[in-house]
Every structure is written in C-alpha cells, then in structure tokens.
Amino acid sequence: MRVGVLTSGGDAPGMNAAIRAVVRAGLTHGDQVFGIYDGYKGLVEGKIEEFTRKHVSEILNRGGTILGTARLPEFAYEQVRKLAIKQLEKNDIDALICIGGDGTYTGALRLSEMGVKVIGLPGTIDNDIASTDFTIGFSTALNTACDAIDKLRDTSSSHQRCSIIEVMGRECGDLALYSGICCGAEYIVTSQTGLDKEKLLNDLKTNRLQGRRHAIVVISEHMTDVYQLAKEIEEYTGYECRATVLGYIQRGGTPTPEDRLLASRLGGYAIDLLHEGTYGVACGIKNNKLVSTPLADALKMKTKRNESLEELVQNLK
Ligand code: ADP
C-alpha cells in the first residue's frame, strides 16, 4: 500500500510519535509511506514527500508536529477536496491517515464520502473527541497545566490570594476537571458544571471568613471573562484575586510517556486496520483497548459529563 499521513488543526504533543508509528509500522508491513505537510492545505498544494525510517528518527520526544499543520476552511467545499483527491491520485496514494481534532475528522469524513480510504487519529490537547477515552496531547497538556497551577498556588498562598486559572479544552471540561483535582483546586468550573457566580462568590467569602489563606479556581476557556471575575471576587470577598490565562503553553512541550505510548499504539493500529481493509473510521482507546468507530458516528458522539470525578471534587472540598 501507499499510505499518506498528515496532521491538521491545532498541534498537540505526541503527534510526532503518531507520525513515527504510522511510518515505521507501515514500512514494517511493506508499505510506502508519504508525509503530507501542512494538513489539508499541503495536500491540496501537493506538499508530499516519501518518508523513510530516517525521516522519523529522533522525533518521538519532540512536541509540535514535524509535518506542520495549517487551517484550510475552504476544505468544506467539494471542489477544493477534489483538488486534494487529484493530488492523492497523482501520487498513487491508496489511503490517508489524518491526525487531528473534530475539524480534521469532518474533513476526513467528507473525503471518505468521496471514496478516499481514510482513517482518523485523535490528536488534540482538548480531549473533546468522544469516540476515545483520551486524545493524543491531553496527558501532556494536563501535566503542563498542573505544573503551572502548582506554581501559582505557591504565590497565592504566600500572598493570601485567590487565583483563577483558565485552561483550554474548548467545550470539554476534562482539562479543567483533571488539573483541578490534581492540584487541589477549591473550585472547578467547566461547561459541564456551569458557572454559578453567586454561589462561587458566597463560598469564597465564607472561605475567607473561616480564615483560609488562599483559594484556587480552575476554569475552562470561554466560560467567562476571568479578569472581570477576578475583580468581582476582590470586591465581594475581600480576597486579593489574580486571573491567569494559561493559553498556548498548554499546546507545547515534550510529550509525556502516556502520550507517546498512546500515539505509538494508535499509529500502529491505523496501519493494522488498513491492512484488514477497514477505513472510514476514527481510532481511539476505550478501557485501555484500541477501538475503531465509523467517522460519522464518532462525530455525532457527545463527550460525556464525568460525574464521578465531579462528585470527587465535592467530596474533597
Ligand atoms: P481540529 O482538527 O483541531 O478540530 P480545525 O477545526 O481547525 O481543527 O479543523 C482542521 C481542518 O479540518 C480545517 O482547517 C479544515 O481544513 C478541515 N475542516 C474543518 N471543518 C471542516 C468541514 N466542515 N468540512 C471539511 N473540512 C473541514
């Protein structure tokens, strides 16, 4: 087989480990593997290169993606996807492995509806793909967030402050929930829990009156203006309050062993599936087992509210 691999959408640590696994497992199976640069944009432009084992040497521990990534909103148009298919035909590529988030999966589904053999791998720090328990990049982003929150805790307890920390995750609260638990946050606010501002302010005021020196609030992005919230907390509770938006540092860094392992397993699995004649699917991990889900179903699935972890937060307060 001649297999193409690309990374698309937001970059995530561990994407390189996935590329490496696809290339190495493909070569082991006797395939030829082609790296496609800059996602669907590079595919349309024909930025395609045959990869050897050497192309993927020394990348396992590197963040980002050696293939680069780009956004091409025009990929939603059929005529643009036809240009991509022409490039695949020109290079005799039989199958395509697309690593990215749900936007990437939508592009992959559209290609598969046009007859291309496609497999999707979940590469995003947001953990917002429901067809897998964990996405490639989540573990590293969680590590980065925990490291930052621990540091902010040191200064907030020294100064008797309240710290609000905004983490990424788009509509998925996992990054906030997991990092909040791991760092002992007093409050965790996600799109699943919702923001009950009145309760938050009252609880923080009670905390302060009870003599607690500091408080940590971890909140998912897009929930509210955290700088404004910090002002309201200061005015209402008497805590000095600072908001920190962690932002893009959560996307970078050396992938954790968990992300390297997950990416390596999923990359190898994608090649196995192609050799079995399975495509049009998204790969993932459920209860530590590799699984494949039709792309259309994977895109329809909603990330589940993690009630047991939310309950744990309440129990640990
Ligand atoms: P992610 O894959 O991380 O969710 P994006 O949402 O930016 O990132 O999607 C990555 C790329 O996938 C887009 O730049 C575009 O090329 C392609 N894509 C996204 N949505 C669609 C769509 N509705 N139809 C076809 N392609 C899409």
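The chain is built from 11 helices and 11 strands, where helices (H or I, at least four residues) and strands (E, at least two) are DSSP runs numbered from the N terminus. Its radius of gyration, taken over C-alpha atoms, is 22 Å, close to the 20 Å given for 317 residues by the globule rule (2.2 Å times the number of residues to the power 0.38), so the chain is as compact as a globular protein of that length. Along its principal axes the C-alpha trace spans about 70 × 35 × 35 Å.

The model is predicted, with local features requiring pLDDT of at least 70 and side-chain atom pairs counting only at pLDDT 80 or more, whereas totals for chains, interfaces and linings use all residues. Residues are numbered from 1 along each chain as its sequence is written, and side-chain values use heavy atoms, with hydrogens and water left out.

Several polar contacts, defined as pairs of N or O atoms within 3.5 Å, involve oxygen atoms of the ligand: a polar side-chain atom of Thr104 lies at 2.5 Å, an N or O atom in the side chain of Asp102 at 3.2 Å, and a backbone N or O atom of Gly10 at 3.3 Å.

Definitions and conventions
Polar contact = N/O pair within 3.5 Å; in protein donor to acceptor, adjacent residues only side chain to side chain.
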